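Reader: I would like to learn how to read the geometry of a protein model. Please take me through it feature by feature.

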Amino acid sequence: MNPEKADVMADKEQGRAKKSKSKVGCCGYPLSIFFIVVNEFCERFSYYGMRAVLVLYFRYFLRWDDDLATTIYHTFVALCYLTPILGAIVADSWLGKFKTIVYLSIVYTIGQVIMAVSAIHDITDTNQDGTPDNMAFHVALSMVGLFLIAVGTGGIKPCVAAFGGDQFEDHQEKQRSTFFSIFYLSINAGSLLSTIITPILRAQECGINSQQKCYPLAFGVPAALMAVALIVFIAGSGMYTKAAPKGNIMMEVCKCIGFAIKNRFKHRSSAYPKREHWMDWANEKYDKLLIAQVKMVLKVLFLYIPLPMFWALFDQQGSRWTLQATTMNGDFGGFVVQPDQMQTVNPILILVMVPIVDSLVYPLIRKCGLNFTPLKRMTVGMFMAGLAFVAAALVQIQIDQTLPKFPSHSEAQVKFLNMENNPLSVSVDGTPFDIQAFQSSGNYLNLNTETTTVAVNGSEFMLSLIKGRRQTVLLGSTGILESSQDLNTKPEQGNNDIRFVNGFGTVLNVTGAKDLGAITPNNFSDYGLIQQGKATFTILNGEGQMCNYSITLGFGSSYTLIIPSTFSFGPDCWTTIQQIEDIKPNTIHMAWQIPQYFLMTAGEVVFSVTGLEFSYSQAPSNMKSVLQAGWLLTVAVGNIIVLIVAEAGQLPDQWAEYVLFASLLVCVCIIFSIMAYFYTYIDPAEIEAKFSEQNPEDKEEKKKGLELDNMSSLAAEKQEEIKQTKI
């Protein structure tokens, strides 16, 4: 489940005061909730749609490397899960939920619009080559946009579900429960649809001066949906029940804890008797009931300490796993899956696995007589997430074996093409080999020098090399005809790079799938970036004759297509054109990612749902929001762990980083299992019942204690605290 379930469950548990005014209803429900549900669907579509393509935007538009893209992505996600705490405090203490949602939704919408504008490459592409000339401008815009989005989405996160619950009267408990189910369904529907749709939009090509991947559209549609969400929410304003701010329990808890620590430090001398629990040092100022409730909350929050490690692995589905998918084959036969669309496997599996686990797996375990307690379930969930990263590491090892070995900074790589209609005898630094007509010398040769001697049919020539680069050299019977620098990296985003070599006697013009322009005899065209699928090129000569040539491309390959001297225009002109494979296409299929997604989703179902339900069962009814804040904080800390490892780890191989994360989670899993073993389950209602009526003598004693410490200031403070505690 998404961490948003924490919002829904927390609000579902809490009772709310209702205004007794007549409302417009439909089928027994307040009409206002339909505006709220539509708002939530659009907002979640906006957030997850933008987030689905975010890491690829960093990687391929802003041109950041994998580590920096991963770092900024997880910084953004962490901020999204830190700001809900501020949003809840602002809503409960000052503005109220309605105004908080409206104001922060405006901020949110502005952020989405700025992100869409930051992705328009034509703004700074003065030379019209498809690459922004002022990248700092785009980076600055995108960072401002992401900050506003984080403030907006995080700030409204704890408010919307709670505001929806406020719309029901006390006698509408059944309708309220149904609302929360529909509300959570809208969250999943919005995230699932957006994760499918926005990668498709990103894969399109758009632009004014040059056609590039359409990130403006991929960000623009979520921005439009956020604007719709805001308009729909405001449209229902006249129908809402708007509860006034009543104070935030989190602030009360923090003040209570702060006073206990300060009081304990003040009385640290051995002259003062020890107390049973360090929170008992708050007795002089706070009710015993509140102190007992805080103790219960702290007991659960202590168990939260190891949990961020799970989220550190879980949220890499949108970063490292998406980048891994860009090096894989996404052809599923009848359809092609974009790398960022693989994230949809998680919500799809969620919809399938949650009912199966709840209605089949858990009952079977109980029938087997096993005591599968909530904490044991969470331990199993963490372990399964670790296994998911082991599976990801195994897939990465297979991918690495298929990747080309590019030259290091101390070596050069060279390949030779025979442009003659007969074999050539070639020798490089004394190593002889033959090259067949219109074929290549095979794999690139690794050389550690800046010059080398090339002998062609017995005649020797000097060839200059560039260390750290690949080169292709055209050979004829007279020796070296031409040379060209080749690609030094795999084509990005699963695209393919194609170029032509003109071995024909006249100038040829190549257009079609990519306009490569005029190619002089015995020369190379520029590379053209082509998407997966069938690509057709048209070859034209000066007399207007043409030849159509088609090639079916996979993902991430590079080809040099030789137009030989034997080429002639006619019905079968394409048969003489020779394909030389420079970089092999991606051969590991994206379907191999499904096992790691399955293990991660299974771990999420067992860990996340159980963790929330356990937490709420062990905490007082009026402090669900405190646990909700703690739960969201574990998600934020988990993302911070990822950015620390990504920047500080600097492991040479990606599979090693996966193994590192899996190992860390297993270690944390062992620690958590030990903590769970010593945990004693409690009944909060039973404990609260003991403090339901406070002894008058206790109040008098507390008053005297306050007077001894600070008669004037603390007495005034006490009155304010008592008011907030009652609220």
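Reader: How do the axes of helix 4 and helix 5 cross, and at what angle?

Author: Start with the general idea. Axes are lines fitted to C-alpha atoms, for helices over the stretch in contact, and angles run from 0 to 180 degrees between N-to-C directions. Helices (H or I, at least four residues) and strands (E, at least two) are DSSP runs, numbered from the N terminus. In this predicted model, the axes of helix 4 (residues 97–118) and helix 5 (residues 135–166) come within 7 Å and cross at roughly 150°. Helix 4 is therefore roughly antiparallel to helix 5. The cut-offs are these: under 35 degrees is roughly parallel, over 145 roughly antiparallel, 65 to 115 roughly perpendicular, and the rest oblique.

Reader: Which hand does the crossing of helix 4 and helix 5 have?

Author: A crossing is left-handed if the near helix is turned anticlockwise from the far one by less than a right angle, and right-handed if clockwise. The crossing of helix 4 and helix 5 is left-handed. The residues of their contact divide into 20 nonpolar, 11 polar and two charged. Here Ala, Val, Leu, Ile, Met, Phe, Trp, Tyr, Cys and Pro count as nonpolar, Asp, Glu, Lys and Arg as charged, and the others, Gly among them, as polar.

Reader: At what angle do helix 3 and helix 5 pack?

Author: Helix 3 (residues 66–95) packs on helix 5 at about 45°, with the axes 6 Å apart. That makes helix 3 oblique to helix 5. Their crossing is right-handed.

Reader: How do I check the span of helix 14?

Author: The expected span of a helix is 1.5 Å times one less than its number of residues. Helix 14 (residues 594–617) has 24 residues and should span 34 Å; its end C-alpha atoms are 34 Å apart, which agrees. Helix 14 also has a kink of about 25°, centred on E604. The bend at a residue is the angle between axes fitted to the seven residues ending there and the seven starting there.

Reader: Is V605 buried or exposed?

Author: Buried means under 20% relative accessible area, exposed over 50%, partly exposed in between (1.4 Å probe, protein chains only). V605 lies in helix 14. V605 is buried, at a relative accessible area of 4%. Across the protein chain, 53% of the 727 residues count as buried.

Reader: Which residues of helix 16 are buried?

Author: Among them are Y658, F661, L665 and F672. As for length, helix 16 (residues 654–677) has 24 residues and should span 34 Å; its end C-alpha atoms are 35 Å apart, which agrees.

Reader: What is the phi of D429?

Author: Most residues other than glycine have a negative phi. D429 is not a glycine, yet its phi is positive, about 50°. D429 sits in the loop between strand 6 (424–428) and strand 7 (431–435). It is partly exposed, at 45%. N522 also has a positive phi, near 55°. N522 is in the loop between strand 15 (517–519) and strand 16 (523–524). At 29% relative accessibility, N522 counts as partly exposed.

Reader: What conventions apply?

Author: Residues are numbered from 1 along each chain as its sequence is written, and side-chain values use heavy atoms, with hydrogens and water left out. Local features need pLDDT of at least 70, side-chain atom pairs count only at pLDDT 80 or more, and totals for chains, interfaces and linings use all residues.
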